[in-house]
Amino acid sequence: MADLLNEPGQLIRARVEGALAAEEINLNTEHGRSRAQQLIEQVLRDYDAEALTGPATDLSASERDRIARALRDDLVGFGAIADRMLADPLAQEWMVNAPPRVFRDNEERIERVPDLVFSDEPNDV
């Protein structure tokens, strides 16, 4: 676990999740989602300050944006996989038979989507 927390994204995620848990934030409410976004920005600002004065790795602007976007997608949005599914204009229906077996009904036929794979983690969607 300590090795994972050496990665900036994992460390920032752990801090955000810890803050959400400490405040008992309900992500199913508008207030909870708003507070989650505030905490993401706060934790990123704190991390940036640590990078200036201490051992934390400095983040590029693109890396900071990637981490913030991933956290927002996972905690506040539907998640990257669900967002992709919802953005597909041809899909009439999605079927998930197993984590690596996802199918899309585009009204003309049902086709397997091999590049869309869920992990076994329940919060991937």
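Modeller: Let me begin with exposure: buried means under 20% relative accessible area, exposed over 50%, and partly exposed in between, computed with a 1.4 Å probe on protein chains only. This is a predicted model, in which local features need pLDDT of at least 70 and side-chain atom pairs count only at pLDDT 80 or more, while totals for chains, interfaces and linings use all residues. Residues are numbered from 1 along each chain as its sequence is written, and side-chain values use heavy atoms, with hydrogens and water left out.

Colleague: Why is Arg109 called exposed?

Modeller: Arg109 has a relative accessibility of 53%, and the limit for exposed is over 50%, so Arg109 counts as exposed.

Colleague: What makes Glu111 buried?

Modeller: The relative accessible area of Glu111 is 15%, and because buried means under 20%, that value qualifies.

Colleague: How do you know that Arg109 forms a salt bridge with Glu111?

Modeller: A salt bridge requires a side-chain nitrogen of Lys or Arg within 4 Å of a carboxyl oxygen of Asp or Glu; the closest N and O atoms of Arg109 and Glu111 are 2.7 Å apart, so the pair meets the rule. By this rule the count comes to 12 salt bridges.

Colleague: What makes the pair of Arg15 and Glu50 a tie between parts of the chain?

Modeller: The closest N and O atoms of Arg15 and Glu50 are 2.8 Å apart, and the two form a salt bridge. Arg15 lies in helix α1 and Glu50 in helix α2, so the bridge ties together parts that are 35 residues apart in sequence; helices here are DSSP runs of H or I with at least four residues, and strands are E runs of at least two, numbered from the N terminus.

Colleague: What makes a group of residues a nonpolar core?

Modeller: The members must be buried Ala, Val, Leu, Ile, Met, Phe, Trp, Tyr or Cys residues joined through side-chain atoms within 4.5 Å. The largest such core has 18 residues, of which Ile12, Val16, Leu20, Ile40 and Leu71 touch the most other members. The elements giving two or more residues to this core are α1 (8–22), α2 (30–53) and α3 (61–75), and its largest share, seven residues, comes from α2. Apart from this core lies another, of six residues, including Ile81, Met85, Val113 and Leu116.
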